[in-house]
Structure formats: C-alpha cells, structure tokens
Amino acid sequence: MMLRTLIRQELLIHLMSARFFAAVVITLLLVVANTFVLIGVHEERLADYSQKEAVNREKVASTATYSILRLKVQRPPNPLSLFSAGLETRFGSEIDIAFDSVPALSNPIVDVRPEEEQWAFGSVPSLSSPGAPLGINNPYLYLFSQIDLVFIFQVVLSLLSLLFAYDAIAGDWETGTLRLVLSHPVGRGSVLLAKYIAAMVCLLLPVLMSLLLALIQCSFARSLQFSTDDFLRIGGIVLTTIVYLSVFYLIGLLVSTITRRAATSLMLCMFLWVILVLVYPNWSRFALNSMGDMRAEKRSADRQIAQIREEADRERDRFLANSTLKGEPPIFSGSEGLSTLFSGAGYFFLGDFPRVNLELKDAADPLALHFRRYYAFAAPLQIRSAEKVGFVGQQLVARTSLRQAQVDERLMKFSPASLYTFATAAWAGTDLDSMVDYIRAAQAYRRTLINTFHEREAFASLQWFAPNQGDVDWSILPRFDFERAEIGINAKRALPELFLLLCLNIILFMATVLIFIKVEV
Amino acid sequence: MIWHIVTRELLDHLTSLRFGLTTFILVALMVTNAVVHLRTHPERVRKYSEKVNASQTELKSRTQLYTLLQKGPGKLYKRPSSLAFIADGGDALLPDESVSGGFWRLYGLAYIWSMGVPRLNMEAIGNLRPTSMVVDWVFIVTYLLSFIPLLFTFDALSGERERGTLRLCLANSISRPALLVGKFLGSLITVLIAFYCAVLFNLAIISTESWTQLGGADWGRLVFIVLIASCYAGLFVAIGLTVSAMTRESRLSLVILLLIWVTVVVFMPSTLGTLSTKWMSPVQTHHQFQTAKDTAFDQIRSDFVNKWETLRERRQSAETPQREVAGVDPSELEIQREFVSKDMEIRERLSRQHLSVQSAQVLHARWINRCSPAAIVQYALESMAGTGFNRHLQFLEHCRLHIRLFRNFIVEMDRSDPESLHVIGVPKGMSKKPVLPEAIPIFEDKITFQDTLSPAVVDMLLLVLLLGVFLSGAFLVFLRSEV
C-alpha cells in the first residue's frame, strides 16, 4: 500500500518535471528526423539492390559458356538495420560465386600480395569476398557517419536515466525529505524499489512513444515491410533497451546513495556517463591492439595456397602428358595451335588454368573431343583445389579478421553501452554472426551450383568452353535466397549480452540496497 | 573588480571534484592519443617512403620518351601528415594515391596515361570490426571541450540565484557585465588549464620520438589548433552562461544544456550531412560513369577507323604515292595522334567531372553540417592538420599540376630533338633519344602553411562569430533577468 503511494508520488514528480518533458521532446525529434533519413537510406539501398540484381541477371543471360560464368549474389537489405545498423550498412553485400573460388568473409591475403599481382590480368582469385556495401552512390559520403535509432536511446535516454537518478537519494537527503519518508512505516528497500519502478516507467514512455512514431513513419514508406517475426525482434530490442536503461538508472542510484550531496553525485554521474558511453567504446578499439602484426600468418597462408595451386598444376600436367595429344601442355601454350580448331577472338586466360571461350569450327573434330575430356578432368580438379584454398583461407580469416573483430567486441563489452549495441544488433540480425550466416549461405549456394553442373554433366559438355555450340540453359541455375536467421537464433545470440546486462542490474541493485540500508539518514 | 571575481571563481573551480575528473579524462585521452600515434605513425611514413621510392625507381628506369608519356608519371602518393594525431579526417577511407584511368591496346597503339578516379579504400569501412571513432584531438576537443564547459557553467548563475548569493553579490558595487565576464573568464580558464595540461603531456610524448619530429611550421599550426580549440571551449562556456542566466533552477539548466549538447555535438554532424544529400540531385553512379567512358571511347574509335579507311581509300585511288618522310606518312600519324590524345583528354575530362560532382556534393553537405559548431571545429582542425577532405582535394590538385608539368616536360624534350617528327602520343612520331633519369620531374606532395591555413580561415571566422553571438546573448539575457 505504502509502496504504491511512493511510486505514485515519484511518478508524478518525474512526469511533471521539465527535464522529463525536454528529454521526451528531444528524443522524439531526433527519432523522427533520423527515421526520415534512415528510410531514405534504406530506399536507396533497395533501389541499388534491385538494379544490381537486374545487371547480374543480364550478365548471366549473356554468358555463353558454363566455364566463364561469374555469378554474383547479394544480401537483400535488412529493414531492421533502421533500428540497429550493426555491420549491415558497412559490410559488402555482393559476392562472386564461381566454381573455382570459395566465398569468404574477407580476403586477408590481399594485404600481403604485391599490388601488381592483385590486379594482374588473368590471375585466379583465391577467395571471393564481398564487394562494396549497398546504397551510397557517392562513396565520399561515408565520411559522414550515420546513426541508427538504437544509438539515440543509447545516448539520450541513458543520460536521462542518470538525470533521474543522481538526486534520487542524495537530493532527498539534502532536502530532508528522506528522513520524513523513512519516519513512516516503510522499509528502506521499498523506498528504493518505488523510486526504481517509477523511473523505469518514465523511461519506458519515450522509448515506446518514439518507437511508435518510427513505426508509423515506416508504414508510410512502402519500401519497408516488417513481418511478424520482425515485430518480435523489435520487441526484443525494446526489452534490451529497458534492461540497458535500468543499468544506467541503477548506476545513478548507487552513486546517489554513496554521495551526500546532489552536486557531487551529479558530477560523478556525468563523468561516468562520458566514460561509459562516449570514451571507452572508442578508446578500447583505438588504444588496445592486442592482435599485433598478422602479416606473417597471412604470408604463410599465401604460401600454402600457392602450394595447393602448384599441386593442381602438376596433376593437370600429368593428365596432359598421358593424353592422346602431344606437346607440353599442347593446347594452351599459345594461340597458334588453336587456329585449326577455333575461329574468332575470345577469352584466353593463361592463369593457373586456362579458361577458354573460343568459337569452335567443327564440333566433330577429335580435338574438340579431347577438350571435353580435358575439362571433364580439369574442372573437378579446380573445384577440389579451390575448396582446399577455401579451407586455408577460411582458417586464416578465422585467425585474423574474424578474430580481430571478436577481440574488439570483447574489449568493448566492458561498457554497458557497447553491450547494448551488440545485443540489439543480434536482435536485428545485423551483427557479426549474421554476416557469417550470409557467407555460409553463399558457400552452400556455390555447392548447389556445382551439383547442378554435375547433374547436367556440364564439365564434359561443349557448352563448357565453346560459345557457339548451343545456348546454355541458364534457367537451371538455382535461386539464391538468403533468409535471415530465425528469431530463436537471434534471441540466442542476443542472450549473452542481455544476460550480462541483467547481471549488472542485479549486482548494482544489491549493492545499492546494501549500502542504503546501512547509510545514516 | 573583474579580476577579483575571476580569481574567486578560479579558486572555486580548481578545488572542485569536476576539475579533478576533467583533468584526469583529458590527460588520459591525450596520452593515449600520443602513444598510439607513436606506434602507428612510423609505419605510415615507412610505407609512404617505400611506395614513393618504388614508384620513382620505376619511373627513372624508363628512358624512352614515348614510354614515359604512355606510362605517365607513375603512381603519385599522398604524404602522410605529421600532425595526423590531431585529426584523422577519415584518411583511412580517402585515397592516398592517384590511379591511371584506362587500359587498351589497339591497332598498334596504346592508351596514354591519364589521371583516373582514385579508388577509396572501402576496406576501411567494410571490415568486420565494430564501428568506433578515432581518439584524435578532434574527438577530444569536439566532445569533451564542449561537454566540460557546460558542467562548469550550468549552475554559474542559476545556482547562485537558487542559493541567493547572486543577489548578495550584486548588492555590492559590481556591475552585471563585470560579474558575467568574471564568470566567463573563470570557467574558461579552468577548462583551459586542464586542456593545456593534457596538450602538454601529449606533445611532450610525441616530441620524444625522433620519427615524429615536428618542424617549425608544424608548431605554428599547432598554435592555431590550440587557439581554435580554446575558442570552441569559450563558445560552450558562453552557451552555458546564456542558459544558466535564463533558468531559475540549476537542474533545469543542466538538462537543457545537455540536450542542446547531445543534439548539436553528437547528432547534428552525423544526421545533417546525410539528410542534406537527400535533396541534392543524384550523382552519377560508378556504373553510369563507366558506361559514359565506354561510349565516348567507342565514338572516338569509330571516328578513327572511319578516317583511317578514307585515308587508305584516297591513297589507293591516288596513283602517285604520297610524299613520305622516313617511311612514315605524316597524315597517318596525325590521325593516330588525334585518336590517342582525344581518348586521353576525354577520359581525363570525364573522370574530372565525375570527381567534381562527387566532391561538390560532399562540400555542400559539409556546409550544411557547419550548423553545428562541432563540425566547424572538426573541419578547421582537419584543415590545419593537413588531413581530411580539403587535403584530399589539395592532393588531387597537386597531382594535376604535376601531370601538366610532366607533359610539358615531354613536349619540351621532344621539341629539343631535331630528328623527331613532334607527333606526341604515337611511338613513331616521337623522339627516340633516351631521357636522362635525373631530368624527369619528380612529384613531391608538399603542403605549405598557407595551404593549411586558408581553408581553415572560414571556419575560424565562423567560430569567432558564434562566440560573439553567444557572449552577447548571455549579456542580453543576464542584463534583463530578474535576480
């Protein structure tokens, strides 16, 4: 009974206060303005996505042979990036799918190769990694950072919760009302609880109001459609927001119980806020570089890849030596030997493996038969060696770029603000794990593509290398559909951070209660 | 009398908790900044000089005038700024080298080097690491030197009014302006003491290392940078005093100030830039740019083929063989020259247009961003430190100047050879004399003090203007307010 009175009183004080009003107005303004910007960005990304899809489709349709097929797949823009951008708007979306290269998160080997080699004509890519991110036409605009809705809550509302909390105890103590309240038959714990509940209700109001406003704005934009699961994910984001704000409120409350003067408590709160929200997340990545130089590792992976290539080359040479055709490798040493077989100019890559795209004069030529045999042998060999290269590359990625990102994240997690960022990104499906999911999907897609080739016996066919021997039926290509992870998986990924935030809550609350009980009024 | 107030304020502030915390944070950040700079800068300089050396050795190995023209001046690299620790300026993203703008070999001819559109290092933003800002001086100044003054001033007038000391104070023979100036100077000096202390730590660490020795001009730039930062801190002291004079309650004044701070410093520089581009005409996409280049090239090529064919026909129809110079037909050479040079010119023009539209958009967005004083300071510091977007534009300009110089050099060399046919761009028409490696002009990317100061002047003036506006605002509000 007494508790309810206390809560009602605290609520009234907060709700009537100018600080609450000002904070709500600013939050709403910022959310509305940013949603407007973000919807525009999302629309641009969608337009870019469909344009690139069309270009890719056209490219595939105009590809004449199987062997030079360079398929590109894309990750469709995630509408929840509005709430938490995470890696979504920065990480590349388009990735090459080819039978002779494996998709990977990144291609760290590029760093250790000399520049001329990277762009060398006909060099075979060892790993295909995502290209530029979707959206912005003018890449210089990346100089301006973008913010998502979660960032507004992270900054403004955490500040507000500290402003609610800093004088909760210290202020009452100064004005003497604390003594008055405690003279009633009410436990000290319930006083704290009442203050906590009232403040959380007040903090929840701007969150819900601004989210509603944002959703209304989204519903006007036809490009944004949220599914039921998306709404549940947004619910998860709201839940995380509450837990996060509660951490800051409790920090403020703890400071307020420790200090005797509201002014001191305020200063401590403000500096804690600056450190936790502003300074530490940036400082930790900037100052702590625990990974050191990874060039040696990259070089050794590069050597391993070169070895795999050499092995494949040797195997190919063995095959050619045993083949009915004479010569060292007879077909690929130059274009002279081909003039009898082919007419017309086309691709002729002299890389590790030749990729021929020449017009055949006579399909019945015994040479043509030889070519078919050669490719029936060589293409699976290329696939095998590409898979080996892919394995080495992925291990390298796991040890370098991926690990670096994980170490960075782990370091940043000492700040509740970063915990909040990562948890919401996990809910929205824009975190690191989701990007890994995407690469896995691309890899799986490549395997289906190869299986389709196998089924159609594409490697042994004339269409593998000769563009004038019947059109390739590209309708056989499997569709690439990247499904975002299910909501259960999102929740599972957000759980560790959420759990840490909850633990912080409990620890802070316990500490506050213990100190408050012992404190002299 | 003013000095009396100033010293009282100073004593008040210097013994307070907030001064201790401020000094701690500023010093910690500045020391981190210096240590990280010492760790990363030598590597940057080493890479730069390695690349420059490689490019110059390659350039000097070319002795044929035609090869020099065709391959161009090689790669031109942007010199890393010795004041990179002041402002990162997105230098990881911005291109640090010029690139060639095309590649073809047709009819025994080859493309001539032209300056293309420099590639941005998308790896800088497209990597897997979580987003974070670089803790450079810009970060420290824009965020902390605005936040801290607010903490010192929010209760300067409203707090005294609450306690009643303001009335007491004004009951003495102190004029209101004097009180306000005293408060202003007291708070500003306190903040600056902490800031200068941190700056001294930072510079002391940085100048210990011989790698990062700062020259005389650098120290001059540093003086300006510190002045800009002080002016920015003063601006926020003035804002704090204005709001504090307006409100009766110090709590309310703090909330208003914090919300102003969040909006102006944290959100405006990010949102406004993106928001403003929404109403700009869309720029050419990379795809469109490539297509435009391809169509232009096809056009030139078909022109060339037509002319070539008509020349052949005319020659076949004419019974008498044309006058030939050393087995080469001058009109033939002329057509070839036209083809090659037109291709180069058009490629270069299209690239320049593409770039200029992009930069115009960025410059426009930066102007809109200047609504926020944090953005003004950021741009001013970037310009003074020789990083960021202005520096990027300067670098491109230097490249263009050098290319003009380089081409003039080739024309001069060719002219000095009497045996040459003086048809620039065609192997047969150019001087065959080997070029002395020492004579080839070398690109040196140097920025003068003038280069850094002139783009920053506008920002500095804006900042001073804002300071004036808010100081007089504080006066007006305080003079008319009831005590």
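Let me start with one term. A residue counts as buried if 20 or more other C-beta atoms lie within 10 Å of its own. By that rule, 44% of the 521 residues of chain A are buried. For chain B, the share is 42% of 483 residues.

Keep in mind that this is a predicted model. How does the predictor score the complex? The ipTM is 0.88, and the pTM is 0.88. Chain B has a mean pLDDT of 86, with 97% of its residues at 70 or more. Among the elements of chain B, helix H5, residues 137–153, has the highest mean pLDDT, at 93. The lowest belongs to strand S1 of chain B, residues 105–106, at 75.

Now the make-up of each chain. Chain A has 15 helices and six strands. Chain B has 15 helices and two strands. Next, contacts with a sequence separation of 6 or more. In chain A, 86% of those join residues 24 or more positions apart. In chain B, the figure is 84%.

What about the overall shape of chain B? Its C-alpha trace spans about 115 × 50 × 40 Å along the principal axes. The radius of gyration of chain B is 31 Å, whereas a compact globule of 483 residues would come in near 23 Å.

On to the interface. How many residues does each chain bring to the contact? Chain A gives 56 residues and chain B gives 51. On the chain A side, five helices each supply at least two residues: H2 (18–61), H4 (149–165), H9 (262–287), H12 (401–412) and H14 (432–455). H9(A) gives the largest share, 13 residues. By type, that side of chain A has 39 nonpolar residues, twelve polar and five charged.

Let's zoom in on one helix of chain B. Helix H15 of chain B runs over residues 449–480, which is 32 residues. From first C-alpha to last, H15(B) reaches 45 Å, close to the 46 Å expected at 1.5 Å a residue. Where does H15(B) bend? At B:Ala456, by about 40°. B:Ala456 is also one of the buried residues of H15(B). Others on that list include B:Asp459, B:Leu463, B:Leu467, B:Phe470 and B:Phe478. A reminder on helices: an α-helix has 3.6 residues a turn, so residues three or four places apart point the same way. And what do the buried residues of H15(B) pack against? Helices H8 (176–206), H9 (216–246) and H13 (373–385) of chain B.

First up is B:Ser351, in helix H12 of chain B, residues 330–369. Why is B:Ser351 classed as buried? Because 20 other C-beta atoms lie within 10 Å. Leaving aside residues up to four places away in sequence, B:Ser351 touches B:Gly101, B:Met115, B:Gly116 and B:Val117. B:His37 is 314 residues from B:Ser351 in sequence, and 35 Å from it in space, C-alpha to C-alpha.

Then there is B:Thr67, in helix H3 of chain B, residues 65–71. B:Thr67 has 15 C-beta neighbours inside 10 Å, so it counts as partly exposed. B:Leu93 sits 26 residues from B:Thr67 in sequence and 32 Å from it in space, again C-alpha to C-alpha.

That's my tour. Over to you for questions.

Definitions and conventions
Residues are numbered from 1 along each chain as its sequence is written. Chains are lettered from A and ligands numbered from 1 in the order in which they are written. This is a predicted model: local features need pLDDT of at least 70, side-chain atom pairs count only at pLDDT 80 or more; totals for chains, interfaces and linings use all residues. Two residues are in contact if their C-beta atoms, placed from the backbone, lie within 7 Å. Helices (H or I, at least four residues) and strands (E, at least two) are DSSP runs, numbered from the N terminus. Ala, Val, Leu, Ile, Met, Phe, Trp, Tyr, Cys and Pro count as nonpolar, Asp, Glu, Lys and Arg as charged, and the others, Gly among them, as polar. pLDDT is the predictor's confidence in each residue, from 0 to 100. The radius of gyration is taken over C-alpha atoms; the globule rule is 2.2 Å times the number of residues to the power 0.38. A residue is buried if 20 or more other C-beta atoms lie within 10 Å of its own, exposed if 12 or fewer, and partly exposed in between; C-beta atoms are placed from the backbone. The expected span of a helix is 1.5 Å times one less than its number of residues. The bend at a residue is the angle between axes fitted to the seven residues ending there and the seven starting there.
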